[in-house]
Amino acid sequence: MTLENISANKSFGGWHKQYTHQSSTLNCEMRFAIYLPPQASTGTKVPVLYWLSGLTCTDENFMQKAGAQRIAAKLGIAIVAPDTSPRGEGVAEDPEGSYDFGLGAGFYVNATREPWNRHYQMYDYVVNELPALIESTFQVSQQRAISGHSMGGHGALMIALHNPERFTSVSAFSPISNPANCPWGKKAFAGYLGNDTESWKQYDSSELMKQSTQHIPALVDQGTKDDFLAEQLKPEMLQAAANLSGYPLELRMQEGYDHSYYFMASFIEDHLRFHASHFEV
């Protein structure tokens with residue numbers, strides 16, 4: 001597979017780079033960002049944190065705003081941030097141009113409905129194609145953690161719950177915790193998957209956590225002043241599911257914080273250290 005390096009910026013002794021490649025899973029050109037800490041240039045294979053961003057975001061938002069590179073460099077962790085949906089010529093868009101469906105809003109599912117199923121296979125891309133590409137190209141190990149924000153927090157939790165053998169730990173900021181039961185999730189799932197609500201449960205973290213028997217450590221931070229807290233995010237449903245199955249979830253309600261990158265920047269060091277503590281030395 002051919003990678004094209006489209007940008008490179010030195011940061012805290014390491015490198016932040018953007019690449020494009022032709023995705024066989026999504027049937028379009030995709031872009032991702034990777035931060036390679038200085039340890040990766042010494043011959044050491046470093047673990048990877050996969051970061052999934054939220055609605056309207058791209059690979060750039062987290063890398064530019066969260067301030068993760070400083071601590072990632074200290075801990076020797078690579079960070080990979082894919083785009084949030086397929087894009088480009090021939091990729092279906094929401095005809096109404098809404099921000100919460102279509103471009104920028106792939107919801108990390110494998111779409112089954114036309115025309116979305118031609119390109120919107122984000123689950124398979126994040127779980128299989130992208131890690132295989134990263135591990136065959138860069139100086140990284142097969143130790144993986146996953147994290148994300150909002151729609152990406154939903155994606156990180158859901159993917160980790162389906163694939164506990166592939167990830168050492170999972171974390172999220174302000175995740176859409178019960179998407180089958182909130183406006184954002186209902187719209188996306190109906191559009192991508194159809195009206196069979198039973199099929200939605202395979203992508204709902206609260207539903208998956210209720211039934212989970214193989215556990216990995218999970219950290220979730222949620223701001224108490226988040227405008228989307230009650231209607232869209234529903235962290236109480238995730239906590240109830242963890243209580244039911246005995247899942248090792250640490251849910252922290254952070255007083256006064258909202259949904260923005262100011263919130264993420266405030267606690268990203270905690271999350272990176274959390275993941276580092278579960279990587280094998």
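A: What follows starts with the helix pair and then turns to the loops beside it, the cysteines and two further residues.

This is a predicted model, in which local features need pLDDT of at least 70 and side-chain atom pairs count only at pLDDT 80 or more, while totals for chains, interfaces and linings use all residues. Residues are numbered from 1 along each chain as its sequence is written, and side-chain values use heavy atoms, with hydrogens and water left out.

The pair consists of helix 3, residues 122–137, and helix 4, residues 151–162, which pack at an angle of about 60° with their axes 11 Å apart. Helices (H or I, at least four residues) and strands (E, at least two) are DSSP runs, numbered from the N terminus; axes are lines fitted to C-alpha atoms, for helices over the stretch in contact, and angles run from 0 to 180 degrees between N-to-C directions. Helix 3 and helix 4 are therefore oblique to each other, given that angles under 35 degrees count as roughly parallel, over 145 as roughly antiparallel, 65 to 115 as roughly perpendicular and the rest as oblique. The crossing of helix 3 with helix 4 is right-handed, that is, the near helix is turned clockwise from the far one by less than a right angle. On the helix 3 side, Y123, V126 and V127 meet M158, I159 and H162 of helix 4, where contact means heavy atoms within 4.5 Å. By class, this contact has five nonpolar residues, one polar and no charged ones; Ala, Val, Leu, Ile, Met, Phe, Trp, Tyr, Cys and Pro count as nonpolar, Asp, Glu, Lys and Arg as charged, and the others, Gly among them, as polar.

Most residues other than glycine have a negative phi, and most peptide bonds are trans. In the loop between strand 5 and helix 3 lies Y108, whose phi is positive at about 60° although it is not a glycine, and which is buried at a relative accessible area of 0% (buried means under 20%, exposed over 50%, partly exposed in between, with a 1.4 Å probe and protein chains only). P115 lies in that loop too, between strand 5 (78–82) and helix 3, and the peptide bond from E114 to P115 is cis, with omega near -5°. S150, in the loop between strand 6 (140–149) and helix 4, also has a positive phi of about 60° without being a glycine, and counts as buried at 3% relative accessibility.

Turning to the cysteines, the structure holds zero disulfides, a disulfide being a pair of cysteine sulfur atoms within 2.5 Å. C28 is in none, the nearest cysteine sulfur being that of C57, 18 Å away, and C28 is buried at 5%. The sulfur of C57 is itself 17 Å from the closest cysteine sulfur, in C182, too far for a bond; C57 also counts as buried, at 7% relative accessibility.

Two further residues complete the view. S212, in the loop between helix 7 (205–211) and strand 8 (218–223), is buried at 12% and, leaving aside neighbours within four places in sequence, is in contact with L161, S245 and Y247.
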